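User: I have a model open here and would like to talk through how it is put together. Could you take me through it?

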Amino acid sequence: MSWIACELHTHTLHSDGRQTLRELAEGAVKLGFGAIALTDHNTMSGLAGKEEIEREFGLTIIPGMEWTTFYGHMVTIGLSEFADWRQGGRSGIDRGIAEVHRLGGIAGLAHPFRIGSPACTGCFWEYEVGDWNAVDYIEVWSGTFPSIRTDNRRAFELWTAKLNAGYRIAAVSGRDWHEQEDTDEPISVTYLEIGEEESAVGGHSDKLPSEERLIRALGQGRACVTIGPLLTMTLEAGGEIWPIGSAVPADLPGTGGTAPEAGEAVRVKLSLDFSVRAELWSLPGQVFKLKLCSNRGEEASLDLPAAENIGRAGYSGEDLRRLEREAELPGSHTAAPRIWLRAELWGTVRGAYTRIAFTNAIYFDSEKEGGGSR
Amino acid sequence: MELLDIQGSAVPEQSRTHIRIPFELQAGADRMQIRFEYAPKILEDREAALDLLKESYERYILPEQREQAIARADRHLPLKNLITLSLDDPNGYRGACHRHDPVQELFVSREAASPGLMSGKLEAGTWIAMLSLHCIVTETCDYRLRIRAVAEEEPA
């Protein structure tokens, strides 16, 4: 399997960006991205010439469009053609999402808690979503150094609340990148996981991950978000390995599902890859915290001491590209079944104790309903 | 040939509405020339702007952070009107120009188009110009939309 570094929210001068697609692609490659989604406001005209730019820069460009409406902004990616953003009022977004799905795309809430009109027209999500199962993802981190911002904290809480309610929704970051500007703020990356056999398209010498597979990965929640190392996890249950985005069946032993007896312990393998986007990030030495969180709250916290900076030259001065940890969680019981689990990396960045990275969820089917949305 | 010259005046109550303007295009056009403008762009009355912002903070910002937001309200000033144009030909969407410029000179032709709009055949029939009034903050905002069809032999 391989994880592709993606920037999922960008603009060009085809809407209100101040960059061409070529300038955007060049900047994305410099920052270590393997794929971007072009999500101009209400137009897809900026995609003209995309294949040539993809070849030139070795970058996959996913077609997309940010619905820039009166009651919210919605990023839509992977569509074969245009879906009309101008229909319907505050309660009409379900039909819009259905149309995006009909055209092969997926839809996510963009910066749902950014201040709305008149400061930023339509930026605050005010749509009444009838069916949260239809929402594919939420942009929980918007902008640079996103984790410390209040509006993003609210978005992260919205995501967690929806997971707690049993919905299976992915979470991503998006820079909402409008221009090539130098910033010394940490840049967030959404990693999407595609299979090895899927990571190349065609028989050409240029092997780019295909946009369809990236879309499928995000639709299935195979996503991890970070301003530093790539944090991933797998879960062992019933003699099988369950990756991020998967749903563990209820009848397996030790899954924390609704088995009447307290189940066997759940084993989680956590992995931190420090070699990603080498030279493009670093974090000060400290005792980092690796946490496992679920609908039952924080279930485990492991100390991860690093005497020196991490990033650039691996972990804490060592030539260590990858760090693995295991954690064991108790099985759960009927009273409080575990329905989802994610990993988070916490530490102090520029004086603020904050999330550095998080995975999307592994889900647990319940016996009653046989689990989730998709 | 002039296809359309429409002027109007929008008020804040029209925020979050679309104005749909159909027009007919005859066969034989090589280029469609669009001029779209509105004014004023900016709400100059600082007190009025702060009042509008305070109202929006009530809606969008957590109670414990409103005071700080009001103290930092300047980051959201000046407040601006925003009207954007999108275009449909007889077969469907031809793009939008979502940007803040209050005067926009745009064109569409078979080979090329202004950023945001899509080049392609200029099919005869009913086209629609849609003005999306995202936000009107001034007492009134005057807009004007002019569309001309140009044939090659005719000077633009």
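Analyst: What follows goes through the domains, a helix pair, a sheet and the chain contact. This is a predicted model, in which local features need pLDDT of at least 70 and side-chain atom pairs count only at pLDDT 80 or more, while totals for chains, interfaces and linings use all residues. Residues are numbered from 1 along each chain as its sequence is written, and chains are lettered from A and ligands numbered from 1 in the order in which they are written.

User: OK, what domains is chain A divided into?

Analyst: Chain A has domain 1 (2-225) and domain 2 (228-364), with bounds that come from an automatic or database domain assignment. Taken over C-alpha atoms, the centres of the two domains are 25 Å apart.

User: And how many residues does each domain of chain A give to the contact?

Analyst: Domain 1 of chain A gives 21 residues and domain 2 of chain A gives 23, where two residues are in contact if their C-beta atoms, placed from the backbone, lie within 7 Å. On the domain 1 side, the largest share, three residues, comes from β9(A); strands (E, at least two residues) and helices (H or I, at least four) are DSSP runs, numbered from the N terminus.

User: Switching to helices: at what angle do α1 and α2 of chain A pack?

Analyst: Helix α1 (residues 21-30) and helix α2 (residues 50-57) of chain A pack at about 30 degrees, with their axes 10 Å apart; axes are lines fitted to C-alpha atoms, for helices over the stretch in contact, and angles run from 0 to 180 degrees between N-to-C directions. That makes α1(A) roughly parallel to α2(A), a term for angles under 35 degrees.

User: Which residues make that contact?

Analyst: From α1(A) they are A:Leu21, A:Arg22, A:Ala25, A:Glu26 and A:Val29, and from α2(A) they are A:Lys50, A:Ile53 and A:Phe57.

User: Now chain B, what order do the strands of the open sheet have?

Analyst: The four strands have the order β2-β7-β4-β5 in chain B, with antiparallel pairing, two strands being paired if DSSP finds at least two bridges between them. β2 (17-25) and β5 (92-97) of chain B stand at the edges, each with a single partner strand, so one side of each has no neighbour in the sheet. The twist averages 20 degrees from one strand to the next.

User: How many bridges join β4 and β7 of chain B?

Analyst: Seven bridges join β4 (residues 82-89) to β7 (residues 125-135) of chain B, and B:Thr84 has B:Ser132 of β7(B) as its bridge partner.

User: Last one: how many residues of chain A are in contact with chain B?

Analyst: 22 residues of chain A are in contact with 29 residues of chain B.

Conventions. Angles under 35 degrees count as roughly parallel, over 145 as roughly antiparallel, 65 to 115 as roughly perpendicular and the rest as oblique.
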